[in-house]
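Biologist: I'd like to learn how to read helix packing, sheets and side-chain pairs, one feature at a time. Please take me through them.

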Amino acid sequence: MRLSNYFMPILRDDPKEAEIVSHKLMLRAGMIRQESAGIYSWLPLGFQVLKNIEQIVREEQNRAGAIEVLMPTIQSADLWRKSGRYDDYGKEMLRVTDRHDRDMLYGPTNEEMITDILRSGIQSYKDLPRNLYHIQWKFRDEVRPRFGIMRGREFLMKDAYSFDLSAEAGRHSYNKMFVSYLRLFDRMGLRAIPMRADTGPIGGDLSHEFLILAETGESEVHFDRDFYDMNWSEFEIDYDDDARVASVVKEFTSKYAATDEIHDQAEYEAKVPAEKRLSGRGIEVGHIFFFGTKYSEPLGCVVQDESGKSVTIHSGSYGVGISRLAGAIIEASHDDAGIIWPEAVAPFRVGLINLKSGDTETDGMCDKIYRELTNAGVSVLYDDKDDRAGGKFARMDLIGLPWQVIIGPRGLKDGIAEVKNRATGERENVPLDQIVAQFADRAPA
């Protein structure tokens, strides 16, 4: 994409309404635009990040055996009355009435609807287990939306729902999602520590939150430093191997990690040596629950088992805040100059900077490299605008693309381009005829 043809409304200064780093940088980089309190439009740069995060989540959920569906944003109140949550949920739920005076709601979550879908679509125990997920916009009417997309009213979420014949089988489904979350967050460059958590209005007796450390985190967290030394992504796993999946979950849950709501200081001190105790603030980016028959029982989700006995299905739900992750990654990965995107979620991998737009030789070489990188499948934002070099560098640092390729008349004479790693700040001179191979051969992290 040529910057001269792109829509990226950069702001020079921090917006007054922004309180935290991610909100400031997303507005300054032209990623989002506020439409009303807690509701944002996603502009091209931000939307691409959103789609990259979504795709990683999709790939890892599919790998774990989950099946994608799409449910509507507007739901009937009748299902929620059957589960008992319609009145219990509170004012966060946006309730509406259609022209026929039927009570409807803008879904904050989908346990009731997916349970009803599953109930009507299965015939026997042979149709289980199943795990269905969708990626859909949600709405929760926060009393005081703040921190940009980190605590907005409308947000993009992946929510999955498992259905099993027994509690034991349901816990294996829970374990598969636990491991899938370890993998998908690691692919985004995050160490999202799984912590025991309260089940809240979702219900159930087993729950973990996945949190990343950031000064602006909403929750106080306490955990073992050993989490940083654990193997997060190198394991290849057969999700049908119950014992192997359970062993990974056991490895991660055997170490102390808890949110402040359920933190036990005595247990913490007993299990974790003083030099390994870490506390801080965390941002929740995922939450998983196993709640057994909480929804399937009132909604009549029952099948006959192999012996012909009627069995109420056991369920769990598994959420990832996709839009929240865009902000959380920035909170965890930035510097004074701007965002530092991990390659896997960056809107473009390479920022190509033409230091002298209008110069025939410089334009020609930049056009050539831009064309060849694009043909090699490398996503490039080509700064072909007639701006001063300092402004170009500041803009590229602000939007945080992983790599910058800088080409100017002086380098052309020596047959080189300067390549900058945004995360480390390291620079190297690379022969012009090796630029394309360098990026085409290097897979995103």
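Modeller: Let's begin with handedness: helices α2 and α8 cross in a right-handed way. A crossing is right-handed if the near helix is turned clockwise from the far one by less than a right angle, and left-handed if anticlockwise. Helices (H or I, at least four residues) and strands (E, at least two) are DSSP runs, numbered from the N terminus. Keep in mind that this is a predicted model, where local features need pLDDT of at least 70 and side-chain atom pairs count only at pLDDT 80 or more, while totals for chains, interfaces and linings use all residues. Residues are numbered from 1 along each chain as its sequence is written, and side-chain values use heavy atoms, with hydrogens and water left out.

Biologist: At what angle do α2 and α8 cross, and how far apart are their axes?

Modeller: Two packed helices are described by the angle between their axes and the distance between the axes. Here the axes of α2 and α8 come within 9 Å and cross at roughly 115 degrees. Axes are lines fitted to C-alpha atoms, for helices over the stretch in contact, and angles run from 0 to 180 degrees between N-to-C directions. The two helices are therefore roughly perpendicular (under 35 degrees is roughly parallel, over 145 roughly antiparallel, 65 to 115 roughly perpendicular, the rest oblique).

Biologist: Which residues of α2 and α8 meet?

Modeller: On the α2 side, Val49, Leu50, Ile53, Glu54 and Val57; on the α8 side, Ile322, Ser323, Leu325, Ala326 and Ile329. Contact means heavy atoms within 4.5 Å. Sorted by class, that contact holds 8 nonpolar, 1 polar and 1 charged residues. Ala, Val, Leu, Ile, Met, Phe, Trp, Tyr, Cys and Pro count as nonpolar, Asp, Glu, Lys and Arg as charged, and the others, Gly among them, as polar.

Biologist: What angle and axis distance describe the packing of α2 and α5?

Modeller: Helix α2 (44-63) and helix α5 (167-187) pack at about 150 degrees, with axes 9 Å apart, so the pair is roughly antiparallel. The α2 and α5 crossing is right-handed. Ile56, Val57, Glu59, Glu60, Gln61 and Arg63 from α2 touch Met177, Ser180, Tyr181, Arg183, Leu184 and Arg187 from α5. By class, the α2 contact with α5 has 5 nonpolar, 2 polar and 5 charged residues.

Biologist: And how do I read α1 against α8?

Modeller: Helix α1 (21-28) and helix α8 (322-332) have axes that come within 8 Å and cross at roughly 110 degrees, which makes α1 roughly perpendicular to α8. Val21, Ser22, Leu25 and Met26 of α1 meet Ala326, Gly327, Ile330 and Glu331 of α8.

Biologist: How many salt bridges are there?

Modeller: The count is 35, taking a salt bridge as a side-chain nitrogen of Lys or Arg within 4 Å of a carboxyl oxygen of Asp or Glu. One of them joins Arg28 to Asp14, with the closest N and O atoms 3.9 Å apart. Arg28 sits in helix α1 and Asp14 in the segment before α1, 14 residues apart, so to speak a link between distant parts of the chain.

Biologist: Now sheets. In what order do the 5 strands of the open sheet run?

Modeller: Strands pair if DSSP finds at least two bridges between them. The order is β20-β19-β21-β22-β23, with mixed pairing. The edges are β20 (380-383) and β23 (427-431); each has a single partner strand, so one side of each has no neighbour in the sheet. From one strand to the next, the twist averages 25 degrees. Strands β19 (350-354) and β21 (403-407) run parallel, joined by 5 bridges, and Asn354 has Ile407 as its bridge partner in β21. Helix α10 (389-399) lies across β19, β20, β21 and β22 (416-421), at about 175 degrees to β19.

Biologist: What is the strand order in the open sheet of 3 strands?

Modeller: That one goes β4-β6-β5, with antiparallel pairing. Its edge strands are β4 (74-76) and β5 (94-97), each pairing on one side only. β5 and β6 (103-106) pair over 4 bridges, and Arg95 has Leu105 as its bridge partner in β6.

Biologist: What about the loop between β5 and β6?

Modeller: Asp101 lies there, with a positive phi of about 65 degrees although it is not a glycine. Another backbone feature is the cis peptide bond between Leu128 and Pro129, with omega about 0 degrees.
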